[in-house]
Amino acid sequence: MFEKIPFPLDFKLHLFNVTNPEEVMRGGKPHVNDIGPLYFEEWKEKYDTVDNAEEDTLTFTLRNTWIFRPDLSVLTGEEIVTLPHPLMMGALLMVQRDREAMMPLVTKGINIIFEPLESAFLKVRIMDLLFDGIYIDCSSNDFAVKALCSGLDSEGAVSPHNETHYKFSFFGMRNHTDAGRWVVYRGVKNIRDLGRVISFNDETEMDIWDGDECNQYIGTDSTIFPPFLTKQDRLWAWSPEVCRSLGAHYVHKSKYAGLPMSFFELDFGDLKNEPHNHCFCRDPPDNCPPRGTMDLSPCLGGPIIGSKPHFYGADPKLVEAVDGLAPNKEKHDVYIHFELFTGSPVSAAKRLQFSMDLGPIHNHNLFGQLPEVVLPMFWAEEGASLNKTWTNQLKYQLFLGLKFNATVKWLTIIIGTVGAIGSAYMHFRKDAKTTDVTAVTEATPPASSPSSDNQTVVNVALGKNLPPVIDGLDKPPKFTSADAQHERY
């Protein structure tokens, strides 16, 4: 396994700008614009690796690093966007849903920290939201503020900036930092186990979902897959970002750079109608996320819904509830061009949208009229496509060899089959060749012959007659004058 992926992944971010926040505050239908992308290089590095030959495992720490590429981006990162306040609204909605008794304390802390409190929406510079960070003032000595800031810190929602302030961003806290300690199989003893996750941060299973089946690590870390897969196999990968495993299924044959491939797609399914996945629901089967979505609140600690961008493949009601969305298969689907024999992904796009499960805050003068809607905030696309350097290696080192072997195999089969048929034909033809023999018959002597009682003639059909054999006589018979007379006339 690579200690560092030898090329960066493409990482693109699209943000949704809410164009009518005041109307939404009064319960109106939201309207959004999909703006972007911002282009980043994403490097995945595996370091501090430990091989265990006896257990056939590899232990490593994963580090993700994002590098902004303004030369390739549509946006500069200086633009101002409007979206639901992820920290403030996230805290209020989660406490109202799960710990309603704490609402007065949290509401008081929110009012102090975000004073003046005027809207449920945040207008912010894009790079501040994504990486640079938004300052959270926790300098007040009020107990509500201290309790709220302490809770946000313990949940990992914010990072300390100094003694009185914290910072919040979507990716800044995770950029160029450890992304967990992994233990995976090397696949030496069993190639089908290559890359399969055994444990993460010393835990052999999660403790997040309400069910053992949903808490299992299934698949790899998505950077490597085992070879010799079939069309019936799923490409499983476990993602710590969403705290669950996702499996892509085979759709059809495909081609990439002239090479034969298999095309796989990812479907989030319909949890309500999938009993084996009910452990991903809050209260199954009635309280399950809509079709084509995932409830990420147990994983992320906020009212976040995961889906494909623009709710592609999800419940149509989600698209109808928000103006400005346009689901498109080519732009928003999750796919992978995969080579089954070697286990090589040659082109893939992993796309995931993060939306806020927005709703009214009860008994709150400012937030009491918010509509119940799943409102998109941003979506990320992580992808890679092998260039000619890598595809040529597959083509000349693998596929040409496979074609040569296949050609030799079929030529051997054809020549061997033809030879066997020819040999069998010659063998049976030789055995079928016969000599025609006429059956031996006893000649009937003439009635007028005086020696007819004692003379027998044997004819054998070999092209000529044998001399007569006369029973009981050593000499040929003598002709009498009567016989001569008879022969003459």
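Predicted model: local features only at pLDDT ≥ 70, side-chain atom pairs only at ≥ 80, totals over all residues.
Analyst: Two strands count as paired if DSSP finds at least two bridges between them.

User: How many bridges join strand β2 to β3, and do they run parallel or antiparallel?

Analyst: Strand β2 (residues 32-52) and β3 are joined by 11 bridges and run antiparallel.

User: What should I look for in the hairpin of β2 and β3?

Analyst: Look at the residues between the strands. There are four of them in this hairpin, and D56 has a positive phi near 60°.

User: Which other strand does β3 pair with?

Analyst: Strand β9 (residues 177-185) pairs with β3 over seven bridges, again in the antiparallel sense. Here F60 has W182 in β9 as its bridge partner.

User: Why is β3 described as largely enclosed?

Analyst: A residue is called buried when its relative accessible area is under 20%. In β3 (residues 57-68), 10 of the 12 residues are buried, so the strand is largely enclosed by the rest of the structure.

User: How many residues of strand β13 are buried?

Analyst: Seven of the eight residues of β13 (residues 259-266) are buried, so this strand too is largely enclosed by the rest of the structure. As for partners, strand β12 (residues 244-256) is joined to β13 by eight bridges, and the two run antiparallel. H252 stands opposite F263 in β13.

User: Where is D202, and what is its phi?

Analyst: D202 is in the loop between β10 (197-200) and β11 (235-239). Its phi is near 65°, positive in a residue other than glycine. D202 is exposed, with a relative accessible area of 72%.

User: How do I read a helix such as α2 for burial, and how many of its residues are buried?

Analyst: The general idea concerns direction. An α-helix has 3.6 residues a turn, so residues three or four places apart point the same way. Helix α2 (residues 88-98) is mostly covered, with nine of its 11 residues buried. Among them are M88, L92 and Q96. The buried residues of α2 pack against α3 (103-113), α6 (297-300) and β17 (344-358).

User: Which peptide bonds are cis?

Analyst: The omega angle is what to check. The bond from E115 to P116 is cis, with omega near 0°, and P116 lies in the loop between α3 and β5. The bond from P284 to P285 is also cis, with omega near -5°. P285 belongs to the loop between β13 and β14 (293-295).

User: What is in the second largest pocket, and which residues are closest to its centre?

Analyst: Of its 20 lining residues, P116, L117, E118, S119 and F121 are the closest to its centre. The elements that give two or more residues to the lining are α1 (21-25) and β5 (121-125). By class, nine lining residues are nonpolar, six polar and five charged.

User: What lines the largest cavity?

Analyst: W209, R244, L271, F280, M294, D295 and L296 line the largest cavity, which has a volume of about 30 Å³. Five of the lining residues are nonpolar, none polar and two charged.

Technical notes
Residues numbered from 1 in each chain as written. Heavy atoms only, no water. 1 Å grid on protein atoms, 1.4 Å probe; cavity = no way out; pocket = protein on both sides within 12 Å on 5 of 7 lines; lining within 4 Å. Helix = DSSP H or I, 4+ residues; strand = E, 2+ residues; numbered from the N terminus. Nonpolar A, V, L, I, M, F, W, Y, C, P; charged D, E, K, R; others polar. Buried < 20%, exposed > 50% of the residue type's maximum accessible area, 1.4 Å probe, protein only. Points joined across faces, edges and corners; volume = space filled by probe spheres on them. Contact = heavy atoms within 4.5 Å.
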